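Please view the sequence and the structure before reading on.

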Amino acid sequence: MRCATFWMQNHLGPPGDGAARGGLYEMDEPGYTFPNKMGRIVLLALEEVMGRNGLNAVLNLARLPHLSGNYPPPDFKPGVSFDEMSRLLGSIDEMYGPRGGRMLHLRAGRACFSFGVKDLGGLLGLADVAFRVVPLEVRMRVGIEVLAEIMNRYSDQQIRLAAEEENFLWVTEHCGVCWERTTTYPACAMMVGLLQEAMYWVSGGRRFDVQETTCLAMGDETCTIALSKVPLI
Ligand SMILES: [Zn+2]
C-alpha cells in the first residue's frame, strides 16, 4: 500500500472538480458519472475497433446520436452517466450478439489503455527503469492499486481491492459498465480488456488470466474481476 501511495503522491494530477457539473454534456440530474475524459477514451477506443460507421450505428441504437463525431472534451468534469455508458456498451451486445460483443469489448478495453488511461495518474511512473527490478507480483499489485485509485478519484465507479491466494480481485458494487442491464453472462468485458492490457504493460509483456467471476448484470452482488497472480506465459 505504501508503495502505491508513493506513486500516487508523485504522479497523480489534481483531483477533478466534483462540483463542476454542466457545460456541453450537462446532465438533467446528478447521478453516477464518469468524467468527460473517460467517456472520450471509451469512444475513441470503440471507434478504433469498430470503425466510425460501426460506432455511429451503435450510438444510434443506444439513443446517443449526439455523441456521434462529437466526443466529450478531455477534462475531468462529470460527463457521461452510468446509464449512458451502459446503454452504449449494451447496444454493442445487442448489435453483435454476446459473443461478438464480448470480443469487441475486450479489444476496446485494451485500446482504452493506450488511448489515454495509461497517461492518467501514476501509471506512467510504473514504466520507470527502477520499477522493473520490483518483483512481478508487487508490480501487478501496484498497477492495480494505481488504476483503482484513478477510478475512485475521478469517477463514481468505486473500486475495492482484495486478494486471494492465486488472484487479485477488482470489486465494484455500482458498475457503470453494466449499469441496470440484465444479462446471462458477465457483461463487463471492457473492464477485463483494460485490466489485461494494464497488466501486460506493468509486467513488461506478460499475459495474465483475467476473468469476470461475478457480475451485477447477472444478479450478483458485485462485479468481481479476478486477475491471476501468475502469468500465462
Ligand atoms: Zn459486471
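Which handedness does the crossing of α3 and α5 have? The crossing of α3 and α5 is right-handed, where right-handed means that the near helix is turned clockwise from the far one by less than a right angle, and left-handed that it is turned anticlockwise. This is a predicted model, in which local features need pLDDT of at least 70, side-chain atom pairs count only at pLDDT 80 or more, and totals for chains, interfaces and linings use all residues. Residues are numbered from 1 along each chain as its sequence is written. Helices (H or I, at least four residues) and strands (E, at least two) are DSSP runs, numbered from the N terminus.

**Helix α3 with helix α5**

- Helix α3 (residues 82-114) and helix α5 (residues 189-202) have axes that come within 6 Å and cross at roughly 20 degrees; axes are lines fitted to C-alpha atoms, for helices over the stretch in contact, and angles run from 0 to 180 degrees between N-to-C directions.
- That angle makes α3 roughly parallel to α5 (under 35 degrees is roughly parallel, over 145 roughly antiparallel).
- Residues of α3 in the contact include Leu89, Arg102, His105 and Phe113, while those of α5 include Met190, Val192, Glu197 and Trp201; contact requires C-beta atoms, placed from the backbone, within 7 Å.
- By class, the contact of α3 with α5 has 12 nonpolar, four polar and four charged residues (Ala, Val, Leu, Ile, Met, Phe, Trp, Tyr, Cys and Pro are nonpolar; Asp, Glu, Lys and Arg are charged; the others, Gly among them, are polar).

**Helix α2 with helix α3**

- Helix α2 (residues 36-61) packs with α3 at an angle of about 165 degrees, the axes being 8 Å apart.
- α2 is therefore roughly antiparallel to α3, and the crossing of this pair is left-handed.
- Among the residues that make the contact are Ile41, Leu46, Met50 and Leu61 of α2, together with Leu88, Ile92, Met95 and Leu104 of α3.
- The contact of α2 with α3 comprises 16 nonpolar, one polar and three charged residues.

**The sheet**

- An open sheet is formed by four strands in the order β3-β4-β6-β5, with antiparallel pairing; two strands pair if DSSP finds at least two bridges between them.
- β3 (160-163) and β5 (208-214) stand at the edges with a single partner strand each, so one side of each has no neighbour in the sheet.
- On average, and with direction ignored, neighbouring strands of this sheet are turned by 20 degrees against each other.
- β3 is joined to strand β4 (residues 167-172) by four bridges, and Ala162 has Leu169 of β4 as its bridge partner.
- β4 and β6 pair over six bridges, with Asn167 opposite Ser228 in β6.
- Five bridges join β5 to β6, where Val210 stands opposite Leu227.

**Helices on the sheet**

- Helix α4 (residues 136-154) lies across β3, β4 and β6 (223-231) and runs at about 5 degrees to β4.
- α5 also packs on the sheet, touching β4, β5 and β6, and its direction makes about 155 degrees with that of β5.

**Loop position Thr184**

- Thr184 is placed in the loop between β4 and α5.
- Thr184 is exposed, with 9 other C-beta atoms within 10 Å (12 or fewer is exposed, 20 or more buried, and in between partly exposed, with C-beta atoms placed from the backbone).
- Thr184 and Gly219 lie 9.0 Å apart in space, C-alpha to C-alpha, and are 35 residues apart in sequence.

Definitions and conventions: Parallel < 35°, antiparallel > 145°, perpendicular 65-115°, else oblique. Contact = placed C-beta atoms within 7 Å.
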